[in-house]
Amino acid sequence: MTKLNHNAKPINILFVMADQLRYDSLGHTGHPMVKTPNIDKLAAEGTRFEKTYVQSAVCAPSRASIYTGRYVHAHRVRFNEVPFGAGEQTIADYFNAAGYRSALIGRTHFTPITETYGFEYYAYYDGLPAKDGYSSYPQYLRQCGYSEEDIRFRYWPRELTPQPGHEAYPEDFAEADYPCRICEEHSDTAYMTNEAIRFMKETTERPWMLHLSYWKPHLPFSVSEPYFSMYDPREVPMPKLKEGELEHKPPIQELFRNERRGNFLEDEERLRRVRAAYYGMITQLDDHLGRLFEEMRRMGVLENTLIVFTSDHGEYLGDHHMIEKELFYEQAVHVPLILKLPGTIPQNRAISEFAEAVDLLPTLLELAGLPLPKAVQGTSLLPLVNGTAHDWKREVFAEWDFQYYHCRKQLGLAPHQCKATMIRDDNWKYVHYSNQPCELYDLTADPDEFCNLAEQPQYKERIEAMRSRILNWRLRTEDPVPEVDLTFASYLRDPWEDKA
């Protein structure tokens with residue numbers, strides 16, 4: 001059993017998040033092609049969690065759950081560009097209060113962009129050129145000699161002509177056909193790694209908590225050489241598909257597929273190039289993490305730094321005839337999670353119990369010897385790590401609010417009718433829609449989630465039981481804040497009591 005020494009020197013925390021990185025796309029998680037030696041080494045030197053699930057397969061809601069340790073219905077960031085409620089506390093607020101220098105390098109996907117969400121050191125980069133006014137990355141590219149056209153259309157290959165209204169990247173994923181116009185050494189992945197090294201070198205008087213939040217491998221599927229040519233599109237593994245699968249799923253899924261440009265998947269050559277580019281972005285990220293870890297070793301901070309590696313959600317890459325994320329299939333909600341802290345976190349340990357994204361914040365707080373705020377709803381993973389866990393969670397939950405999509409209007413639904421909740425245990429996954437047909441999957445017999453059993457009468461009792469479990473979860477995870485002491489309330493005192 002590993003015990004924490006809270007009298008020791010405060011640890012640093014490097015919290016690395018890749019955006020849109022699916023669980024099965026790494027070497028140590030079993031991918032047959034993608035090269036990730038540095039992440040694999042990190043897993044071997046620490047503890048990896050094999051069944052970690054996010055609370056939403058959408059960027060901002062998922063990140064809000066990670067940063068607050070709270071479920072989506074509690075923090076109420078239901079979609080991208082939906083702001084936090086007043087008074088919401090984040091990971092940065094908690095570590096700032098403990099004397100840490102908390103830093104963000106990379107993306108948050110939060111609104112308003114002008115807020116720093118508690119981070120003392122804030123080097124924002126959210127990927128899209130429309131948000132360049134809030135990032136120093138464009139100025140860095142100018143210093144490297146790039147033109148304004150190159151900077152604005154950096155995810156448009158030089159071989160393609162940018163289309164009006166689509167300045168960010170091609171709508172048909174044609175960026176995957178050519179290498180990125182930005183050289184690898186000036187890529188956003190390289191830039192953010194450089195910024196992380198600079199931050200560590202200048203922060204020597206205080207412990208630090210650095211959230212290094214990479215943009216990649218989020219689309220656009222644009223990557224520089226040598227990573228563009230690293231994986232032959234002709235050899236990439238292709239998705240397993242079932243013809244007519246979506247015909248037996250809730251109607252929103254076919255509409256979602258069309259809205260999120262999934263129709264391009266009918267072009268096998270383009271799909272192969274997309275998958276090859278995605279794998280290239282992952283290996284690029286891995287190489288720069290290797291560079292970062294080596295610099296940390298040279299600086300002498302590696303042994304006293306907790307390293308966390310995870311993702312905010314996955315990516316379909318053609319599975320279920322889709323691209324992007326959202327919905328509740330494994331490719332979207334199942335993410336990697338690695339913890340490494342020499343002397344505290346066991347090496348080369350694989351944990352098969354469930355973990356949720358809300359569990360990350362309480363885990364980091366406990367490892368740093370800090371108290372757990374009552375607002376936090378997650379559970380520290382340390383009992384799993386040190387072998388003291390009893391009666392651990394047997395299920396995980398995720399939420400999605402699709403009122404912000406065009407398909408909502410196509411279905412004739414009002415905003416309040418667009419709620420969906422997933423419950424997943426070892427053997428079953430159930431998705432409850434407020435005004436749509438639901439989903440039920442037997443994960444033992446159908447791990448690919450092809451066959452929706454929700455309409456079959458023999459599963460009625462199982463569906464009712466899983467609905468009841470969702471209801472019980474919602475009741476016990478209602479927002480616990482604000483904390484109000486009512487002991488002073490007048491109705492708790494006898495007004496006729498003799499004060500003499």
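**Figure 1. Lining of the second largest cavity.** Gln253, Leu327, Phe328, Tyr329, Lys429, Val431, Tyr433, Glu439 and Tyr441 line the second largest cavity of this predicted model. The space inside comes to about 40 Å³. Strand 12 and strand 13 are the elements that each give two or more residues to this lining. Strand 12 gives the most, with three residues. By class, the lining of the second largest cavity holds six nonpolar residues, one polar residue and two charged residues.

Figure 2. The strands follow the order 10-11-12-13, and their pairing is antiparallel. Strand 10 (396-401) and strand 13 (439-442) stand at the edges. Each has a single partner strand, so one side of each is left without a neighbour in the sheet. From one strand to the next, the twist averages 10 degrees. Strands of a sheet pair through backbone hydrogen bonds, in either a parallel or an antiparallel way.

**Figure 3. Pairing of strand 11 with strand 12.** Strand 11 covers residues 419-424, and strand 12 covers residues 428-433. The two run antiparallel and are joined by five bridges. Alanine 420 stands opposite tyrosine 433 in strand 12. Tyr433 is also one of the residues lining the second largest cavity.

**Figure 4. Helix 14 across the sheet.** Helix 14 spans residues 460-476. This helix lies across strand 10, strand 11, strand 12 and strand 13. Relative to strand 12, helix 14 runs at about 70 degrees.

**Figure 5. The largest cavity.** The model has two cavities of 30 Å³ or more. The largest has a volume of about 100 Å³. Its lining is made of 14 residues. Nearest the centre of the largest cavity lie Tyr155, Cys180, Ser187, Asp188 and Ser222. Helix 7 (188-202) and helix 9 (268-299) are the elements that each give two or more residues to this lining. The lining of the largest cavity divides into six nonpolar, five polar and three charged residues. Rolling a probe the size of a water molecule over the atoms shows where empty space is left.

Figure 6. The unreviewed UniProt entry places the feature "domain: Sulfatase N-terminal" at residues 12-369. Over residues 12-369, the chain is 31% helix and 14% strand. The end C-alpha atoms of this stretch are 12 Å apart.

Key: Residues are numbered from 1 along each chain as its sequence is written. This is a predicted model: local features need pLDDT of at least 70, side-chain atom pairs count only at pLDDT 80 or more; totals for chains, interfaces and linings use all residues. Side-chain values use heavy atoms; hydrogens and water are left out. UniProt positions are given in the numbering used here, feature names are shortened, and annotations may be inferred rather than shown by experiment. Helices (H or I, at least four residues) and strands (E, at least two) are DSSP runs, numbered from the N terminus. Two strands pair if DSSP finds at least two bridges between them. Axes are lines fitted to C-alpha atoms, for helices over the stretch in contact, and angles run from 0 to 180 degrees between N-to-C directions. Contact means heavy atoms within 4.5 Å. On a 1 Å grid over the protein atoms alone, a cavity is a set of points where a 1.4 Å probe fits but cannot get out, and a pocket is an open set with protein on both sides within 12 Å along at least five of seven lines; lining residues have an atom within 4 Å of a point. Grid points are joined across faces, edges and corners, and a volume is the space filled by probe spheres set on the points. Ala, Val, Leu, Ile, Met, Phe, Trp, Tyr, Cys and Pro count as nonpolar, Asp, Glu, Lys and Arg as charged, and the others, Gly among them, as polar.
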